Amino acid sequence: MSLVTNKKYKLSTSEKFDEYMKALGVGLVVRKVGNSVSPVIELTQNGDEYTITSQSTFKNTTTTFKLGQEFEEETADGRKVKSVVTQDGNKLIQVQKGEKETTIIREFNDDEVKMTLTVDDIVSTRIYKAI
Ligand code: DKA
């Protein structure tokens, strides 16, 4: 399997996301909103550059990167972090370094994207379904 581009996926299920956000220091109000929205994500590719867009009533974000090259990113909750994304087959593995380090894995399949978010000993799983 390889990465799936130009396809939209909407959040379907989410586990331990509140614990994940809490461990990253996200405040109560933003956590409540973060828990209540179902973003739509899409991966696009232009040459060796990838873009992940995420759209929700809370926030629209656009993250553009080249594999293996560190870039600065502002997360949806406003943290300023340095990220590196690498590819392993159909997975994009993003390591975000800020006050805390977190790893976000997005596994692309035709029918869904499985997102695994890890910080400290907390693992959150979010499944996005193709729309
Ligand atoms: C996602 O794209 C979640 C990405 C993690 C963002 C960190 C916290 C956001 C708070 C609303 O599904």
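Glu-42 counts as buried, at 17% relative accessibility; buried here means under 20% relative accessible area, exposed means over 50%, and partly exposed is what falls in between (1.4 Å probe, protein chains only). The side chain of Glu-42 pairs with that of Lys-8 in a salt bridge, at 3.5 Å from N to O. The term covers a side-chain nitrogen of Lys or Arg within 4 Å of a carboxyl oxygen of Asp or Glu. Lys-8 sits in strand β1 (residues 8–15) and Glu-42 in strand β2 (residues 40–46), so this pair ties together parts that are 34 residues apart in sequence. Lys-8, for its part, is partly exposed, with a relative accessible area of 39%.

All of this comes from a predicted model, in which local features need pLDDT of at least 70 and side-chain atom pairs count only at pLDDT 80 or more, while totals for chains, interfaces and linings use all residues. Residues are numbered from 1 along each chain as its sequence is written, and side-chain values use heavy atoms, with hydrogens and water left out.

By the same cut-off, the count comes to seven salt bridges. Another one of them links the side chains of Asp-18 and Arg-31, with N and O 2.9 Å apart. Here the partners are helical: Asp-18 belongs to helix α1 (residues 17–23) and Arg-31 to helix α2 (residues 28–36), so the bridge ties together parts 13 residues apart in sequence. Asp-18 is partly exposed at 25% relative accessibility, whereas Arg-31 is buried, with a relative accessible area of 10%. Glu-74 and Lys-80 also form a salt bridge, their closest N and O atoms being 3.6 Å apart. Glu-74 counts as partly exposed at 49% relative accessibility, and Lys-80 as exposed at 65%.

Then there is Glu-73, found in strand β5 (residues 71–74). Glu-73 is buried yet has no salt bridge, and the nearest side chain of opposite charge, Arg-106, is 6.1 Å away. For charge, Lys and Arg count as positive and Asp and Glu as negative, with His and the chain ends not counted. What Glu-73 does have is polar contacts: its side chain meets that of Ser-83 at 2.6 Å, and that of Gln-94 at 2.9 Å. A polar contact is a pair of N or O atoms within 3.5 Å; within protein, one must be able to donate a hydrogen and the other to accept it, and residues adjacent in sequence count only if both atoms are side-chain atoms. Leaving aside residues up to four places away in sequence, Glu-73 touches Thr-63, Arg-79, Lys-80, Val-81, Ser-83, Gln-94 and Gln-96, where contact means heavy atoms within 4.5 Å.

Zooming out, the protein has two helices and 10 strands, given as DSSP runs (H or I of at least four residues for helices, E of at least two for strands) numbered from the N terminus. Their order along the sequence is β-α-α-β-β-β-β-β-β-β-β-β. The radius of gyration is 14 Å, close to the 14 Å that the globule rule gives for 131 residues, so the protein is as compact as a globular protein of that length. That radius is taken over C-alpha atoms, and the rule is 2.2 Å times the number of residues to the power 0.38. Of the 131 residues, 40% count as buried.
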